[in-house]
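Keep the 3D view open as you read.

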Amino acid sequence: MHEAQSAVPIARKPRLRWDREVLLKVIYAATLVLVVLLVMTPLAALIYGSFRSSAPGVEGDWTIANYVNLASANLLSTIWLTLLVGVLSAVFCVVIGTAMALIIHRTDFAYKNIITALIGLAFYFPAFILAMAWIILGSPGGLINFLFRDVLGITDGVKIYSVAGIVFVTILHQVPFVYLLMRGPIISMDGVFEEAARAAGARSHHVLFRITLPLLSYSLLSSLILTFVLAIEQFAIPAMLGLPGHITLLPTQIYLLVRFPPTDYGLAAAVGLTLAALTSLAILAQRRVTRAGRMATVTGKSGHLRTLPLGRWRWAANTFCFGFVFLSLILPSLILIYMSVIKWYVSNPFLAQYTLRNYEFIWNSADAHKSIWNTLIVSGVGGIFGVALAFLTSYFTVRLKPPSYRLLDFTASLPFGVPGMVMALGFLWAYAYLPLPFYGTLALIIVAFITRYLPYATEAIGGQLVQIDKSLEEAAWVGGATKLGGLRRILLPLSLPSIQGAYFLLFMAFFREMSSVVLLFTSNSKVISISIWGFFEGADWGLASSFSVLTTLIIFGVIWLIVWLMPAARRV
């Protein structure tokens, strides 16, 4: 009797293992199907729409006129202007961001921690809020032009509604991104190369231009390409600064074709695919640069990293670093606070009448409350689903590598080269035909956000999965664990820091995103960025500023809360 009882679990173990192996295959199949549907549905719909003569969901004819119209003088001018803004923004961002990283981490700069923290806050400062702040500062009746005209007597002041204005604000927004990209390679660089040059008699500026920057060349080029992509796909800054000055870039061209009559959804789809082609080519070039960048700057015999004395240039370094933080974070915050507490706009703050009615309106506004809760739901819930899908995608493409894993890897990385505005247009075309009650719901916005930022979370998690030795899982398998058990008990706990970091990344990206939702929202699915955009379009700068101030406080509060709850998020 005892033998019979003891034989039962032994007989069931192979079946249990087989069931779990089947379950793992089912999970892989579901992950592959879900990723393919999420990514390919809007892209396929966009391609379909680019050959149609009608709006989504309306009967029309097949046509190639949309692509023929791309060669019109107006659109060719828009394409060249978009490229110009992208190149100028990228070059200045890389120069300024790299210079700040070198000053902060390679010299005896006295305020490393505070400047790094302030640059981090500037990185999370939403683009649409930054653009609105500089409109208040640099518009014809703005504070800066008031100082130039009435105080200094200069009639020809700042022209923020210009290409230069778009590039300037884009630089303020993107430099923190370059700084965060470059600080790692600069900190980890082996100092033996520079010390050898100094020992040979080279001066500091010769070492910088002949040793340090060449060693950073691959990181510099990669940062340049990524910043170019972010600049040309940006919607909020060129929309807020360009449309009043009749300056159109590709993202704003898509918005105008869809939102204002005479609408042309087919041409918008063709323009969107053109923008996606430009960004995809740039991403492909960046990947090639990354793979080719095999110059070793971190070795096992690390030399002493000498801190360079600033000496008489200390004042210039302090002015440069604190000046950037002032322009990108402190001054915009102050002007938004000022604008939010006055009855009507007066460029001279000593003549203004102050009030809290804007905050009272938002406090009592059901629409404002709804947009805040919608944003928290989209960011919180969407971040959870996005991280879960990114973890499974990374696990199958980096660790398990089942058949057709390359298809999963390729599909999951496609949204890297698709701007948010283009992705939103694809979803607009797709869900006009699909029999799903998604349009105008938070579910569609969550789906659009997850699709847009899936590659970023996958890269964040996959980077750590590569570093975890596979022998740890193999030891668990030898001990009788299934692959699913090894995933749950070994890999998942070890990769928890990267999962926390990826969630933080997605939460903040979803919270700030505008371009992916500006074509998909309805009155019931407004998020914070759309509410502020609506106030701005209605020329109600007081409400827009007060909501921006509250949004900024919420963002910084959420950053503190997530970092407190998830210490690994500090690395993001």
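Start with Arg-314 and Asp-108, whose side chains meet in a salt bridge at 2.7 Å, N to O. This pair links distant parts of the chain: Arg-314 belongs to helix 14, while Asp-108 is in the loop between helix 3 (73–106) and helix 4, and the two are 206 residues apart. Bear in mind that you're looking at a predicted model. Arg-314 counts as partly exposed because its relative accessibility is 28%, and Asp-108 counts as partly exposed at 28% too.

Now find Arg-452, which forms a salt bridge with Glu-233, with 2.7 Å between the closest N and O atoms. Arg-452 sits in helix 19 (residues 442–467) and Glu-233 in helix 10 (residues 217–233), so this pair ties together parts 219 residues apart in sequence. Here both partners are under the 20% cut-off for buried: Arg-452 has a relative accessible area of 3%, and Glu-233 has 7%. The salt-bridge count comes to two.

Finally, head for the surface, where Phe-326, Ile-330, Leu-334 and Ile-337 form a nonpolar patch with about 340 Å² of accessible area together. Phe-326 is found in helix 14 (residues 314–340) and counts as partly exposed, because its relative accessibility is 36%. As for spacing, an α-helix has 3.6 residues a turn, so residues three or four places apart point the same way.

Note on methods:
Residues numbered from 1 in each chain as written. Predicted model: local features only at pLDDT ≥ 70, side-chain atom pairs only at ≥ 80, totals over all residues. Heavy atoms only, no water. Patch = residues over 30% accessible without salt bridge, like charges linked within 9 Å, V, L, I, M, F, W, Y side chains within 5 Å. Areas by Shrake-Rupley, 256 points an atom, 1.4 Å probe, with all protein chains shown as cover. Salt bridge = Lys/Arg side-chain N within 4 Å of Asp/Glu carboxyl O. Helix = DSSP H or I, 4+ residues; strand = E, 2+ residues; numbered from the N terminus. Buried < 20%, exposed > 50% of the residue type's maximum accessible area, 1.4 Å probe, protein only.
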